Amino acid sequence: MLVGGVLTPIYAEVRQTQDFDCVIDLSITDVTLAKLQKVFIKHKFQPFTTWKEVFTSGVMSGFITILSPIEQFKVDINIRKESSENPFEQLAYLAFPRRIRIKMREIECWAQTKEDFILAKLVYGGYQDYKDALACYIRYTDSLDKEYLSHNARNLGVEEYWQAVLAQQPVDSVFPE
Amino acid sequence: MTARVIDDLKLKMAIANRTPLDKLVGIFFEMCDIGRELYVQAEREKFPNKSRKEIILDYYRMQSQLSNRRR
């Protein structure tokens, strides 16, 4: 499932991004990891250092970083966990079953919903993230599930930022220099 | 100023909503590619012996130091 900056042309303001983030649902065993590595190699993805490192330290932390084949974009892959105290992992757990089908350059892929895009941006909590969340809110005000957003913003500890989005406070007033 | 910033964002989003999604996606990929190619070109002029992959890996190392956050 695609998440974050790569979805800005669809959900927010078109802007550059330095990496592509995604979440995968994978029960970690020697067999599944070997299959995953085969898929990466088959599609000419590259490791930052070695595949061995990707599949030891990376998998242990639930976070794999690889490079795309031609353009060599960084691809960050989060492995979804069932339960976690970590809000980033909670986000992946929450968003995954709600994922939707989108088309990017004629390729069908799974993506987080716009509500989960906003929640994720509020949890990341940076200047650009807030800007993306606000842009998404303005772009899709009428069709957003605001009840879901309010409920989960509270659970994820980002209610203050969500209230700022609802009040359409500009980024500079939420993140003063 | 505050009102102007929000008005500007509202206008941009209204335009985005009137633009076909495949066009927006195309602009997005073009922006990413152009930015990356300009960076690689500039680094190649400074370090002609560096491979593209080395330039990109160094870039991501620098980026990770700057942002120092996990996504």
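Visitor: Where is the place of A:E106?
Guide: This is a predicted model, where local features need pLDDT of at least 70 and side-chain atom pairs count only at pLDDT 80 or more, while totals for chains, interfaces and linings use all residues. Residues are numbered from 1 along each chain as its sequence is written, and chains are lettered from A and ligands numbered from 1 in the order in which they are written. Helices (H or I, at least four residues) and strands (E, at least two) are DSSP runs, numbered from the N terminus. With those names, A:E106 is placed in the loop between β6 and β7 (107–111) of chain A.

Visitor: Is A:E106 buried or exposed?
Guide: A residue is buried if 20 or more other C-beta atoms, placed from the backbone, lie within 10 Å of its own, exposed if 12 or fewer, and partly exposed in between. A:E106 has 7 C-beta neighbours inside 10 Å, so this residue counts as exposed.

Visitor: Phi of A:K44 is a positive value in a residue other than glycine, but what is that value near?
Guide: A:K44 lies in the loop between α2 (30–42) and β3 of chain A. A:K44 is exposed because 10 other C-beta atoms lie within 10 Å. Its phi, positive although A:K44 is not a glycine, is near 65°.

Visitor: Which residue of β5(A) stands opposite A:F63?
Guide: Two strands pair if DSSP finds at least two bridges between them. Strands β4 (residues 63–67) and β5 (residues 74–79) of chain A pair in the antiparallel sense over 5 bridges. In this pairing, A:F63 faces A:N78.

Visitor: In the hairpin of β4(A) and β5(A), which residue takes a positive phi near 60°?
Guide: This hairpin has 6 residues between its strands. The residue there with a positive phi near 60° is A:Q72.

Visitor: Which residue of β4(A) stands opposite A:P47?
Guide: Strand β3 (residues 46–47) of chain A also pairs with β4(A), in the antiparallel sense over 2 bridges. Opposite A:P47 stands A:I66.

Visitor: Which element gives the most to the side of chain B that touches chain A?
Guide: The contact takes 28 residues from chain B and 27 from chain A. On chain B, α1, α2 (21–46) and α3 (52–67) each supply at least two residues of that side. With 11 residues, the top contributor is α2(B).

Visitor: Which elements of chain A do the buried residues of α2(B) pack against?
Guide: The buried residues of α2(B) are B:V25, B:F28 and B:C32. Within chain A, they pack against α1 and β6 (100–104).

Visitor: How far apart are the end C-alpha atoms of α2(B)?
Guide: The expected span of a helix is 1.5 Å times one less than its number of residues. For the 26 residues of α2(B) this gives 38 Å, and the model agrees, because the end C-alpha atoms are separated by 38 Å.

Visitor: What radius of gyration does chain B have?
Guide: The radius of gyration is taken over C-alpha atoms, and the globule rule is 2.2 Å times the number of residues to the power 0.38. Chain B has 3 helices and 0 strands, and 11% of its 71 residues count as buried. A compact globule of 71 residues would come near 11 Å, but chain B has 18 Å.

Visitor: And what radius of gyration does chain A have?
Guide: Chain A has 9 helices and 7 strands, and 32% of its 177 residues count as buried. A compact globule with 177 residues would have a radius near 16 Å, which agrees with the value for chain A, 17 Å.

Note on methods. Contact = placed C-beta atoms within 7 Å.
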